[in-house]
Amino acid sequence: MKTKIINLLLISGVFLTACNTENKSAVKSYHSLEAPVAKIVAKELTAHGDTRLDNYFWMRLTDEQKNAEKPDAQTQDVLDYLNAENDYKNAAMKHTEGLQKKLYDEIVGRIKKDDSSVPYNDNGYSYYTRYEKGMDYALYCRKKLEDDAKEEIMLNGPEMAKDHSYYGFGGQSVSPDNKLLAFAIDTVSRRRYVLHFKNLETGEMLSDKIENAGWGGAVWANDNKTVFYVSKDSITLRQDKIYRHVLGTDQSQDELVFEEKDETFSCFVYKSRSDKYIMIGSDQTLSTEYRYLDADTPNGDWKIIQPREKNLEYNVAHFGDHFYIRTNLDATNFKLVKTPITATTKENWEDVIPHREDILLQSFVVFNDHLVLQERVNGLRALRVMKWNGDNDHYIKFNDPAYLSYPTTNLDFDTNILRYGYTSLTTPNSTIDYNMDTKEQVVLKEQEVVDPNFSKDNYVSERRYATARDGVKVPISIVYKKGTEISNKTPLLLYSYGSYGSSTEPSFRSDRLSLLDRGFVFAMAHIRGGQEMGRYWYEDGKLLKKKNTFTDFIDCGDYLVKEGFTSPEHMYALGGSAGGLLMGVILNMKPELWNGVVAAVPFVDVVSTMMDETIPLTTFEFDEWGNPKDKEYYEYMKSYSPYDNVEAKEYPNILVTTGYWDSQVQYWEPAKWTAKLRELKTDDNLLIMDCDMETGHGGASGRFARYKRTALYYAFMLDLEEIIE
């Protein structure tokens, strides 16, 4: 589901009438294997007078069952099934083991082993991360801003993670006096973190330990001994409480300072860039609310900036005597306002950047003399720079047809230097310092691709537009290697996400070179449900308009076939999480358009999950998908839910992935879906599921280990193309 989903012009003259049952892998060894058959235990699920039959409901386990020292009978049945699927996947893909190893080696081989981040300065120190050769985890470091300063290793990732199969670092924050470090660690991959504290002067760990915290870690008050943190509901994993903790005391003594009682909201806490205020935010899809506290008075009273209202969204930054607020108040594409700290409610909001119908305001950065806006113009992120007096108002110029630009770490108000990041489908990620007055810029670092044959000039990027069935123009970003022959025999991978207003950005990935260098075209479909073309693009792809997301993707696929980039015999689709829902739907809607589909941690059991408010993250997603307790939404969800719409028909080759400890999309959704597909599909194409028994939604925690699954994705597609080298 769930994160913070990865379209049917009928093209005359193009053969799209049947699935590729006689595909190139038809003679592969998996045909001699016996696929797992999950037991059937019929369970009727009734709502609104409608009954759904779920033969695999039994696969769902509680956290208590999963964490039990000895598995009960149901747990053992689930483990046996998941392990059987893993064994089948291993056997079916055994002939690709050499290819997977080669892909993995070349992917990690392009990564600089002793890499380091561009340092940023804060409160007298320079902070950075670095990797040592052969290490899967980073060293988190700092140096004093003085000549010949020695490196201080705050956290030694390789040493800390060495005895763990999963080790995830969450938020880290240094106390205002630079002496203490708070950091969050997850060793289960369930996104329930433990907060720890370290004395940076002595290297000793404090006895304080806070369980069940959120990813963001701890937020320091200015007294250097009080921290605020978010706690999660133990069942739903909703961030619902903010506590105050005083160092040296037990967690049981922590004081609850805010509880989010509305189950459709979650909460979070952070410190303003000015370090003046502690901020608590509550949000859901369509509404937000913020309150603030002077960081010098951690025991003081919290004040609300603007009480929550339905359909009113805003986020807050502090500068001088004002709060600067990005809001959708009378502004579909958002605008920027300011309000005095002494009078913060909406009737006091004064426009700084008015609303514009054709430009989405995504974020902003305030400096003493400048204002920087991150806007979305014509589907791409643009950086606009201006002085407060309106002089020198300009956009930073970029040359690629599709790209991603974004502000990075800008902690200093009193500077004319903006630090931003830039990447495109052909350009590795770069960190750049930009002089907002002279427009001069310095590339501080460009991601190094460790390959003597790599040059960004060897690749071609294009921006195309497919016409959706309702006439809307849907952007497609495309990249391929120069010299690749574009025809109906060219293999092509189409990717998207399409939910939560999260835009699919045309950025560079060095692992993608393993496909491009073997003749693949890679395409991104910027479908509705994202926010590429403005806020309406998102509004037009959720709730009762959600099907636009799916048909847009199919229409993009049809366009690529019509334009001669590929054919159904050579086209592949990939999406993860909510993008995995997209994969599930397009498999049901138009299976004959794809030779293979990779559905990563897919949210495919939409109705059952959204009906059950005990499942993590369900309650505050009603404004994204709708609440199926309302009959209209129930019927609409059911009409596209992948699990509910599996039919006895031919499907293409399918690879499904999941993680046993996934907190975003519970493992049983892809597991049930795989079992039902195996039960009903009438073809003999490959269907495999990879369940990582040690990780959750994001996969492996190390910077190299995660690429083993990428190598599996690529080997799955390359094998279908009979590309074995």
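Me: Why is K545 called partly exposed?
Reply: K545 has a relative accessibility of 44%. Partly exposed runs between the 20% cut-off for buried and the 50% cut-off for exposed. The value lies in between, so K545 counts as partly exposed. Keep in mind that the model is predicted.

Me: What makes the contact of D540 and K545 a salt bridge?
Reply: The N to O distance between their side chains is 3.3 Å. The rule asks for a Lys or Arg nitrogen within 4 Å of an Asp or Glu carboxyl oxygen. The pair meets that rule, so D540 and K545 form a salt bridge. Shared partners extend the picture: D470, R528, D540, K545 and D552 are joined into one network of salt bridges.

Me: Is D540 buried or exposed, and how do you know?
Reply: D540 has a relative accessible area of 18%. Buried means under 20%. D540 is therefore buried.

Me: How do you know that E132 and R130 form a salt bridge?
Reply: Their closest N and O atoms are 3.2 Å apart. The limit is 4 Å, so the pair qualifies. E132 is partly exposed, at 38% relative accessible area. R130 is buried, at 18%.

Me: What makes E539 and K542 a salt bridge, and how accessible is each residue?
Reply: The distance is 3.6 Å, N to O. That falls within 4 Å, so the pair counts as a salt bridge. E539 is partly exposed at 32%. K542 has a relative accessible area of 3%, which is under 20% and therefore buried.

Me: How many salt bridges does the rule give?
Reply: The count comes to 56.

Me: How do you know that the length of helix 3 agrees with its number of residues?
Reply: Helix 3 covers residues 97-109, which makes 13 residues.

Me: Which residues of helix 3 are buried, and what puts them on the same side?
Reply: The buried residues are L99, Q100, L103, Y104, I107 and V108. They cover an arc of only 150 degrees around the axis, so they lie on the same side of helix 3. G98 and K101 are exposed on the other side.

Me: Why is helix 13 called mostly covered?
Reply: Of its 14 residues, 13 are buried. E722 follows helix 13, with a positive phi near 55 degrees.

Me: Why does Y290 count as buried?
Reply: Y290 has 6% relative accessibility. The cut-off is under 20%, so Y290 is buried. Y290 sits in strand 17, residues 288-294. V118 is 172 residues away from Y290 along the chain, and their C-alpha atoms are separated by 32 Å.

Me: Which residues line the largest cavity, and how do they divide?
Reply: The lining is L425, T426, Y459, F508, R509, R512, L513 and L516. These residues divide into five nonpolar, one polar and two charged. Arg counts as charged, so R509 and R512 are the charged ones. The largest cavity has a volume of about 30 Å³.

Note on methods:
Residues are numbered from 1 along each chain as its sequence is written. This is a predicted model: local features need pLDDT of at least 70, side-chain atom pairs count only at pLDDT 80 or more; totals for chains, interfaces and linings use all residues. Side-chain values use heavy atoms; hydrogens and water are left out. Buried means under 20% relative accessible area, exposed over 50%, partly exposed in between (1.4 Å probe, protein chains only). On a 1 Å grid over the protein atoms alone, a cavity is a set of points where a 1.4 Å probe fits but cannot get out, and a pocket is an open set with protein on both sides within 12 Å along at least five of seven lines; lining residues have an atom within 4 Å of a point. Grid points are joined across faces, edges and corners, and a volume is the space filled by probe spheres set on the points. Helices (H or I, at least four residues) and strands (E, at least two) are DSSP runs, numbered from the N terminus. The expected span of a helix is 1.5 Å times one less than its number of residues. The arc is that of the directions from the helix axis to the C-beta atoms.
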